[in-house]
Amino acid sequence: MPFFKKPIKKSYLGVDFGASGIKIAELMNEKGRARLLTYGYSDRPFDSMSTNIIDTAKDTADLIRKICAKANTSSIKAVAGLPVASVFSSIVTVQAKNKNELQAAIHAKAKKLIPLPIEEMIIDSKVLDKIPEKGEFPKDLRNVRVLLTGAPKNIVKKYIEIFKLAGLELLSLETEAFALIRSLVGKDPSPIMIIDFGSMRTNLSVIEKGTPFLNRSINMGGHTLTKTISQSLGVSLKQAEQMKRDISALTRLAPGGSLPKLLDNLLQPIVNEIKYSLNMYAGQKESEGTTVEKIILTGGSSLLPNFSDYFTKLLNINTYLGDPWARVIYPLELKPVLQEMGPRFSVAIGLAMRDIG
Ligand SMILES: Nc1ncnc2c1ncn2[C@@H]1O[C@H](COP(=O)(O)OP(=O)(O)OP(=O)(O)O)[C@@H](O)[C@H]1O
Ligand SMILES: [Mg+2]
């Protein structure tokens, strides 16, 4: 039995609400670098996967408490992720001659672009160009690029309520894409696409100079595949899920093969969306001739066999499985376990990194 409680350190909980379960990582700030203190997760039963986890605030808060108790977390400071699908996020260009005009122009643009009434949204904006602090902007700086983000107030309120009930202090609520940039991209300025293959959704983001340029979300993920296996072979969802993972594990022992036919067909909607996003990005960057240079895969379903090879060949863009632990210090003996669950933890790790470094 230790005589002392854990010393008070500056550490943060990253809390990711995924359709397949809640994932929590606790990272400590060690001289500007992230060190893993602990982690935990809880899987959700198949039949509740399609209900939104934030609609049952009390149950969700209880689940968070349980995960934290089991993982023996020490911090109450938490950062949570907002799903890409419920956030409006876009890089826009507005015209302004000075800072006052800029604020008004951003507001007007938000009102025009965001599909919900602006009173029901929390709007956030980040100016991407270097503009003067005071006075008139020089002529060449009057087209200002702004990252515009909007989240529905009622969703944000629910998150605040959940964290209050769980006894945690919610420091920040941010789009998943930002968390993935921290854990998977770091300081790399080149245009990169991140594909997060989850259980119910697949999210795509094109990142440029560390900022999400474009986000899309498709209503399809690993669970779609589990359902198809279950229906076509007449086995339970639980058995189908196990079969899927066994195939992944087996194929990883003998890499280099092609994608199973079943998977090839199921992936079509995702492939179409990827191609559409790559074209859209190239189209918007036509004058500069910029295209996406690499693709990083993450999310639990990125463990499916031969995924990175498949995309590398199909799209002719180098595709890698992202390693969210690459920027984190952790005990070496945990490496095999951490590597295996890495793809599922990319969002939680990136969220916990927010105020480190
Ligand atoms: N070894 C594996 N091989 C194939 N699929 C796997 C493996 N391990 C987990 N998965 C799949 O990964 C999915 C869960 O991934 P993840 O935790 O990233 O999703 P989520 O964040 O809960 O979901 P979403 O992002 O859709 O809300 C499940 O569909 C699961 O079947
Ligand atoms: Mg997810």
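Trainee: What is the crossing of α1 and α3, left-handed or right-handed?

Mentor: The crossing of α1 and α3 is right-handed; a crossing is so named if the near helix is turned clockwise from the far one by less than a right angle, and left-handed if anticlockwise. The model is predicted: local features need pLDDT of at least 70 and side-chain atom pairs count only at pLDDT 80 or more, while totals for chains, interfaces and linings use all residues. Residues are numbered from 1 along each chain as its sequence is written, with chains lettered from A and ligands numbered from 1 in the order written.

Trainee: Why is α1 called oblique to α3?

Mentor: Helix α1 (residues 57–71) packs on helix α3 (residues 153–165) at about 50°, the axes being 8 Å apart. That angle makes α1 oblique to α3, since under 35 degrees is roughly parallel, over 145 roughly antiparallel, 65 to 115 roughly perpendicular, and the rest oblique.

Trainee: What makes the contact of α1 with α3?

Mentor: Ala57, Lys58, Thr60 and Ala61 of α1 meet Lys158, Glu161, Ile162 and Leu165 of α3 (C-beta atoms, placed from the backbone, within 7 Å). This contact divides into four nonpolar, one polar and three charged residues (Asp, Glu, Lys and Arg are charged; Ala, Val, Leu, Ile, Met, Phe, Trp, Tyr, Cys and Pro nonpolar; the others, Gly among them, polar).

Trainee: Why are α4 and α10 called roughly perpendicular?

Mentor: The axes of α4 (residues 176–185) and α10 (residues 335–352) cross at roughly 85° and come within 7 Å. The two helices are therefore roughly perpendicular to each other. Residues in their contact include Leu180 and Arg182 of α4 and Val347 and Ile349 of α10. By class, six are nonpolar, three polar and two charged.

Trainee: Which residues come nearest to ligand 1?

Mentor: Gly18, Ser20, Gly198, Gly222 and Gly300 come nearest, of 22 around ligand 1 (C-beta atom, placed from the backbone, within 6 Å). Helices α5 (222–233) and α6 (237–253) each give two or more residues to that shell, and α6 has the largest share, four residues. The shell holds four nonpolar, 13 polar and five charged residues.

Trainee: Which domains give at least three residues each to the shell around ligand 1?

Mentor: Domain 1 (11–85 + 154–185 + 323–352) and domain 3 (218–320) do, the bounds coming from an automatic or database domain assignment.

Conventions
Axes fitted to C-alpha atoms, helices over the stretch in contact; angles between N-to-C directions. Contact = placed C-beta atoms within 7 Å.
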